[in-house]
Amino acid sequence: CPPTPVRTPAWAVASSARKTPLVRQNSLSKSKILVQDGHLLDDSEVVPFTFEGHFIEVSTLGSGVSADVLRVISKEDTQFYAVKRSKFQFKGKKDRDFVLQEVKCMLKLEESPSPYIMKFYRTWQEDGYCFTQMEYCVGTLQLYLSRLGGVRPPAGALWQAAHDLGAGLAAVHAAGLVHLDVKPENTLVSTRGLLKLGDFGSAARAGADGDDGREGDPRYLAPE
C-alpha cells in the first residue's frame, strides 16, 4: 500500500499564514484617559486619547529609570507642556494601580492648588504605557546650579529658593502627604522663575507605614 500522505491541518495553515500577531484587547491595552478634570475614571468610562492625536513632540526634557519626560506642543492650544511617558508596559491591573499612586497624590494636591507645585492636567494609557500631561518648566534646580560652575548663587536667589521650596513643602504637608524625594533634580524652575516641586513617584500619605518600599534618593536621605 502506498504511504498515507501527510496533510497539514487547516488551522495550522491559517496560523502560519498569519502575518500579524494577535493583540489581546483588554482594559490595559485600550488607549483612553485614566484621570481628567480632577477625578479618576473607572474601566467602564472609555474616553479615547492618544499622544500623536493631541501633541507634537519637541524634545526630551529628562529620562529616569522608569519614565521619560518630553517637551511637547499641544495641538489644542499650541502651548508647551511636559508629558511623562513610562518606559515599561503594565503587567496587570495591580501594576497600573501602582503607577497611578503618583497621580492620586497630584490629584490630592490639585484640590488646593499651589503655585509652588507643578500643575497636573491629565493621565492616560496607550498600548499599555502610562502618559501624564503636566505643566512645562524650563529646567531643574540641578541644571541651574550646574550652570553656575561652582559660583555661589546671589543671596537674593538663595532666599527666594528657600521661600519657594518651603511653600511647596507646606502645601504638600497640608494635603496630608510627604514627598520623600526632595532634591535639586525634582525641583523645577517655571517659566516665571518660581521653584516648583515635582516628581511625586515616591510620595505617600503622612503616617503611612512605608511597607511598600518607597524611599528617596540615597544621596539625600538622612543618615538614620
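Figure 1. The residues that line the largest pocket comprise 16 nonpolar, 15 polar and 13 charged. The model shown here and in the other views is predicted. The volume of the largest pocket is about 1300 Å³. Among its 44 lining residues, G64, S66, A67, K84 and D199 are the closest to the pocket centre.

**Figure 2. Elements around the largest pocket.** Two or more lining residues come from each of strand 3 (55-63), strand 4 (67-74), strand 5 (80-86), helix 3, strand 7 (129-135) and strand 8 (139-140). Helix 3 makes the greatest contribution to this lining, namely six residues. Domain 1 (32-137) and domain 2 (138-205) each provide at least three residues of the lining.

**Figure 3. The largest nonpolar core.** This core consists of 17 residues, and L109, I117, V172 and F200 have the most contacts inside it. At least two of its residues are supplied by each of strand 1 (32-36), helix 3 (93-110) and helix 5 (155-174). Helix 3 provides the largest share, six residues. The core lies between domain 1 (32-137) and domain 2 (138-205), because both domains give residues to it.

**Figure 4. Surroundings of V172.** When neighbours within four places in sequence are left aside, V172 is in contact with L109, I117, L177, V178, H179, L197 and F200.

Technical notes: Residues are numbered from 1 along each chain as its sequence is written. This is a predicted model: local features need pLDDT of at least 70, side-chain atom pairs count only at pLDDT 80 or more; totals for chains, interfaces and linings use all residues. Side-chain values use heavy atoms; hydrogens and water are left out. A nonpolar core is a set of buried Ala, Val, Leu, Ile, Met, Phe, Trp, Tyr and Cys residues joined through side-chain atoms within 4.5 Å. Buried means under 20% relative accessible area, exposed over 50%, partly exposed in between (1.4 Å probe, protein chains only). Helices (H or I, at least four residues) and strands (E, at least two) are DSSP runs, numbered from the N terminus. Domain bounds come from an automatic or database domain assignment. Contact means heavy atoms within 4.5 Å. On a 1 Å grid over the protein atoms alone, a cavity is a set of points where a 1.4 Å probe fits but cannot get out, and a pocket is an open set with protein on both sides within 12 Å along at least five of seven lines; lining residues have an atom within 4 Å of a point. Grid points are joined across faces, edges and corners, and a volume is the space filled by probe spheres set on the points. Ala, Val, Leu, Ile, Met, Phe, Trp, Tyr, Cys and Pro count as nonpolar, Asp, Glu, Lys and Arg as charged, and the others, Gly among them, as polar.
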